[in-house]
Amino acid sequence: MSGSRTGGFRLGLPVALLLLLADQATKWWILEVVRLPEVRRIEVLPFLNLTMVWNRGVTFGLLAGDAWWHPYLLAAIACGVGVALAVWMGRAANRMEAAALGLVLGGAIGNVIDRIRFGAVVDFVDVHAYGWHWYVFNVADSAIVIGVGLLLADALLRPRSGGNEGA
C-alpha cells in the first residue's frame with residue numbers, strides 16, 4: 001500500500017460496503033423471506049440452526065438494556081468507533097490492514113443500522129455441537145471477528161523494518 005494518507009480507503013471502503021450489503025441482505029432474507037421471528041428456529045445441518053435472537057447488547061449480549069435510549073447510546077458509541085476505524089483505514093500500512101479494517105467497519109455499520117431500525121441487532125446463526133451452543137451471531141459479527149483476527153495476525157507477523165533490534 002502506498003504511503004498516501006488515503007491509500008487504505010481504496011481497498012477498505014469497498015470491502016466495508018460489500019460486507020454491509022451482504023449483512024443487510026441476509027438480515028432482510030431472515031426477516032422477510034424466511035420470517036424467522038415467527039418460525040423461531042430452523043435446523044439446517046446437524047451443527048447449524050437458524051435461530052432468531054434480538055441482541056439488545058453488544059458482543060455476546062454484554063451491556064444489554066431495555067431503556068428506550070439504550071440502542072441509540074450503543075449506536076452512537078459504535079459510530080464513534082467507526083470514525084476511529086475510518087481514520088485508521090486511511091493510514092493503513094498495507095492491503096491486509098485496510099481489508100481487515102473494512103471488515104470491522106462494515107460489520108459495525110451493519111449492526112448500527114439494526115439498532116436504529118429495530119432497537120436491537122438481528123442475530124440468527126446458531127452453531128452447536130454435542131449440546132453446546134456458541135452465541136447466536138450474524139454476518140456482521142463474523143466479519144468483525146475475522147477483521148480483528150487479521151489485524152492481530154498483521155500486527156504479529158508483519159516484518160519490522162529499521163529500528164534498533166537487539167539494543
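This is a predicted model: local features need pLDDT of at least 70, side-chain atom pairs count only at pLDDT 80 or more; totals for chains, interfaces and linings use all residues.
1. Overall fold. The protein contains five helices and four strands. Their order along the sequence is α-α-β-β-α-α-β-β-α.

2. Burial and surface. The protein has 167 residues, and 39% of them count as buried.

3. Contacts along the sequence. Among contacts in the protein with a separation of 6 or more, 64% are between residues 24 or more positions apart.

4. Helices α1 and α5. Helix α1 spans residues 9-33 and helix α5 spans residues 139-157; they pack at an angle of about 150 degrees, and their axes are 8 Å apart. On the α1 side the contact involves Leu19, Asp23, Thr26 and Lys27, which meet Val139, Ala140 and Ala143 of α5. By class, this contact comprises four nonpolar residues, one polar residue and two charged residues.

5. Length of helix α4. This helix runs over residues 95-118, 24 residues in number. At 1.5 Å a residue, α4 should span 34 Å, and the end C-alpha atoms are 34 Å apart, so the two values agree.

6. Burial of helix α4. The helix is mostly covered, with 17 of its 24 residues buried.

7. Ends of helix α4. After α4 comes glycine 119, which has a positive phi, near 80 degrees.

Methods: Residues are numbered from 1 along each chain as its sequence is written. Side-chain values use heavy atoms; hydrogens and water are left out. Helices (H or I, at least four residues) and strands (E, at least two) are DSSP runs, numbered from the N terminus. Buried means under 20% relative accessible area, exposed over 50%, partly exposed in between (1.4 Å probe, protein chains only). Contact means heavy atoms within 4.5 Å. Axes are lines fitted to C-alpha atoms, for helices over the stretch in contact, and angles run from 0 to 180 degrees between N-to-C directions. Ala, Val, Leu, Ile, Met, Phe, Trp, Tyr, Cys and Pro count as nonpolar, Asp, Glu, Lys and Arg as charged, and the others, Gly among them, as polar. The expected span of a helix is 1.5 Å times one less than its number of residues.
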